[in-house]
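Student: I've got a model open and would like to go through it with you. Could you start with the ground rules?

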Amino acid sequence: MKIFIDTANIDEIRQANDWGILDGVTTNPSLVAKEKDKGKDFKAIVKEICEIVHGDISAEVVATKYEDILHEGRILAKIHKNVVVKVPLTPDGLKAVKTLKAEGIRTNVTLCFSANQALLAAKAGAYIISPFIGRLDDAGHDGIELVEEIREIYDNYEFETKILVASIRNPVHVKQAAMIGADIATIPFKVIEQLYRHPLTDAGLKQFLDDWAKLGQQIK
Ligand code: G3P
């Protein structure tokens, strides 16, 4: 499973990239608006991210009408070859997905909350589908169950659309996504940090170092 970071924060992206486990980045308008340098041109932010991480970088359109989505999608796709254009799961959005695909532009269909929506996105030719599992959990549904349904449907018909699990809130979500066979998980920085941690790792390391210190040796 590929690991993407779900942020528009350049410092977080640099740090996660330095750890050597990062395959890509997803952004959305809310994440961009959260940043302190939100006055910075969005295209410049996307370009900077593409220069740091050499993988798929999702950048979202804010248009909602077919022609406008195409216009913005083409602009975003020109920023860098790794840009994947994020498009909302609406009739206009999926129509634009089909047109953009014919032009060789890859899309990430976002705001997916049902298996039927995912089916339509695949039929339209989406490169990525993004089910939002945390928001489903928040609404009293089972977000991870949706990922299982999409996996089954895509495997039944050999759709090539990649399943990107989004709206991840905790390490359990990441493990569940990997066990189901999701292609990608996009994870907030704080949750990526949590993936490394285990109290027994910390206690075990302390014990090893304390015991070694008693020897008074060095590895040279
Ligand atoms: O990038 C889209 C998605 O991951 C948003 O997550 O936490 O706002 O539901 P959240």
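This is a predicted model: local features need pLDDT of at least 70, side-chain atom pairs count only at pLDDT 80 or more; totals for chains, interfaces and linings use all residues.

Student: Is Lys86 buried or exposed?

Tutor: Lys86 is found in strand E4, residues 83-88; strands (E, at least two residues) and helices (H or I, at least four) are DSSP runs numbered from the N terminus. The relative accessible area of Lys86 is 4%, so Lys86 is buried.

Student: Which backbone oxygen does the side chain of Lys86 reach?

Tutor: Think polar contacts here: a pair of N or O atoms within 3.5 Å, where within protein one must be able to donate a hydrogen and the other to accept it, and residues adjacent in sequence count only if both atoms are side-chain atoms. At 3.0 Å, the side chain of Lys86 reaches the backbone oxygen of Thr27.

Student: Why does Asn28 count as buried?

Tutor: Asn28 is found in the loop between strand E2 (24-26) and H2. Asn28 counts as buried because its relative accessibility is 15%.

Student: Which backbone nitrogen lies 2.7 Å from a polar atom of the Asn28 side chain?

Tutor: The Asn28 side chain has a polar atom 3.0 Å from the backbone nitrogen of Ser30. At 2.7 Å, the backbone nitrogen belongs to Leu31.

Student: How much of the ligand's exposed area does the protein bury?

Tutor: Around the ligand sit Asp6, Asn28, Lys86, Phe132, Arg135, Ala166, Ser167 and Arg169, each with a heavy atom within 4 Å of it. Ligand oxygen atoms lie 3.1 Å from a side-chain N or O atom of Asn28, 2.6 Å from one of Arg135, and 2.6 Å from a polar side-chain atom of Arg169. Alone, the ligand exposes 310 Å² (Shrake-Rupley method, 1.4 Å probe), and the share that the protein buries is 82%.

Student: Which helices give two or more residues to the lining of the largest pocket?

Tutor: On a 1 Å grid over the protein atoms alone, a pocket is an open set of points with protein on both sides within 12 Å along at least five of seven lines, and lining residues have an atom within 4 Å of a point. The largest pocket is lined by 25 residues, with Asp6, Asn28, Leu31, Lys34 and Pro188 nearest its centre. The elements that give two or more are helix H2 (29-34) and helix H10 (189-196).

Student: And is Lys214 buried or exposed?

Tutor: Lys214 sits in helix H11, residues 199-215, and its side chain makes a polar contact with the side chain of Asp211 at 3.2 Å. With 68% relative accessibility, Lys214 counts as exposed.

Student: How far apart in space are Lys214 and Ile5?

Tutor: The C-alpha trace of the protein chain spans about 70 × 40 × 30 Å along its principal axes. Lys214 and Ile5 are 209 residues apart in sequence, and their C-alpha to C-alpha separation is 41 Å.

Student: What share of the chain's residues is buried?

Tutor: The protein chain has 11 helices and eight strands. Of its 220 residues, the buried share is 45%.

Terms used: Residues are numbered from 1 along each chain as its sequence is written. Side-chain values use heavy atoms; hydrogens and water are left out. Buried means under 20% relative accessible area, exposed over 50%, partly exposed in between (1.4 Å probe, protein chains only). On a 1 Å grid over the protein atoms alone, a cavity is a set of points where a 1.4 Å probe fits but cannot get out, and a pocket is an open set with protein on both sides within 12 Å along at least five of seven lines; lining residues have an atom within 4 Å of a point.
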